[in-house]
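Colleague: I would like a close look at a single part of this model, followed by what surrounds that part. Please keep the answer connected.

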Amino acid sequence: MILEQIATGGCQSYLVGCSDSSSAALIDPEISQIDHYLALAARDGLRIRYLIDTHTHADHFSATRQLARQLAVPVLMYRTSAAPFVDMRIGDGEMVMLGRLRLQVMHTPGHTSDSMCLRIEDSVFTGDTLLIGGTGRTDLPSGDPEALYDSLFQRLLKLEPKVRVFPAHDYKGRQSSTIGDEIASNPRLQKRDRAAFVDMMRELNLSMPRHVTEALRTNMSGGKSVAQLLAEAASRVPFMSLPELKARVEAADEDLIVLDVREREAYESGHVPGARLLPRGQLELRVNQELPDPTRRILTCCELGQVSTLAAATLREMGFPHVVALDGGMKAWRVAAYPLNSGAEP
Ligand SMILES: [Fe+2]
């Protein structure tokens, strides 16, 4: 078995492959690491055959959908998962083949109702059911402390003590543990009475993970996060630095149209000298009258540099091949004490 563990903050992803057949599964991939996973698979001579989420994640952005499109391989989740884009729904006790490896599913509800653990040889990928020195929380949508108790004490902890545990999270840089070590020293597993365990889980009072609303929305629908939309737009446009734009403004570069895509009020309180106003919300509606010549060089700017990136990508998509976005925004321009005009331009 070839195993790569990839940490993204506290989230752990795993690339697991069969050394004989070179086929591999990617478990709990995170959206910002796509190139990293593909590079590791190439380095190890592995071909990714399955993309697996151990459960509906509320705290990170899953890469399964995007990778499935890119690689033309199936997304695999527990059979009751809410995500509509799952290609292979799998049930308790079922297996998928990775060359000579058997990847066996154990349904372990509790952290979420669709949580599963994946047993491969002497390892178990526990998702957020069992962590090193902890367990998954049960206070997020579809969480259930009683179900978690049963999943842990009736199922997972009955595996042989030597089985290696690879969790979906670790915040202390640890890589793995064993079932035996967790039974002996995991503080949450010392409450072996069902009622005491359930009370403990109900009283944890944890703060909500960051981005929980957006993570659940995108992971359950296959839609895109705001960061993803911005990254995709940024990959399609060139940028110009603040000092470069300042130099061009001072040289009175007639060739370049500076297009300020903020609202009128922000524009009038201070903009790049000579900039034209075309708010992002009106871009598509007014583009034909405001920018009749698609061969012109255009630079978009906004307050922080994000909306202008989206605007530049939209303009390129509409057939303006010479659009660039400002690297940074008017906030940074003001901090740099670069020249400003206020009110309307003549
Ligand atoms: Fe989770």
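How are the donor residues of the iron ion spaced in sequence?

Modeller: The model is predicted, and the values below are computed from it. In sequence, the donor residues of the iron ion follow the spacing H-x55-H-x16-D. The donors are His55 through NE2, His111 through NE2 and Asp128 through OD, at 2.0 to 2.3 Å from the iron ion. Histidine 111 lies in the loop between β8 (101-107) and β9 (116-120), while aspartate 128 lies in the loop between β10 and β11 (130-131). These two are 17 residues apart, and the pair links distant parts of the chain. Histidine 111 has 6% relative accessibility and therefore counts as buried, the cut-off being under 20%. Aspartate 128, at 4% relative accessibility, also counts as buried.

The structure has 7 aromatic pairs. In one of them, the ring centres of tyrosine 14 and phenylalanine 125 are 5.1 Å apart and the planes stand at 65°, so this pair is edge-to-face. Tyrosine 14 and phenylalanine 125 are both buried. Ring pairs join Tyr14 and Phe125 with Phe166 in a cluster.

Another edge-to-face pair is made by tryptophan 333 and tyrosine 338, with ring centres 5.0 Å apart and planes at 85°. Tryptophan 333 is buried, at a relative accessible area of 0%. Tyrosine 338 has 19% relative accessibility and so counts as buried, the limit being under 20%.

As for the nonpolar cores, the largest has 23 residues, and Leu15, Leu26, Ile48, Leu51 and Leu67 have the most contacts inside it. Two or more residues come from each of β3 (23-27), α1 (34-43), β4 (47-52), α2 (64-71) and β5 (75-78). The most come from α1, which gives 4 residues. A second, separate core has 20 residues, including Tyr50, Val96, Phe125 and Phe166.

Leucine 26 has contacts with Tyr14, Leu15, Tyr37, Ile48, Tyr50, Leu51, Ile52 and Leu67, leaving aside neighbours within four places in sequence.

Note on methods:
Residues numbered from 1 in each chain as written. Predicted model: local features only at pLDDT ≥ 70, side-chain atom pairs only at ≥ 80, totals over all residues. Heavy atoms only, no water. Core = buried A, V, L, I, M, F, W, Y, C linked by side-chain atoms within 4.5 Å. Buried < 20%, exposed > 50% of the residue type's maximum accessible area, 1.4 Å probe, protein only. Contact = heavy atoms within 4.5 Å. Phe/Tyr/Trp six-rings, centres within 6.5 Å; stacked < 30°, edge-to-face > 60°. Donors = N, O, S within 2.8 Å, 3.2 Å for Na, K, Ca; no water.
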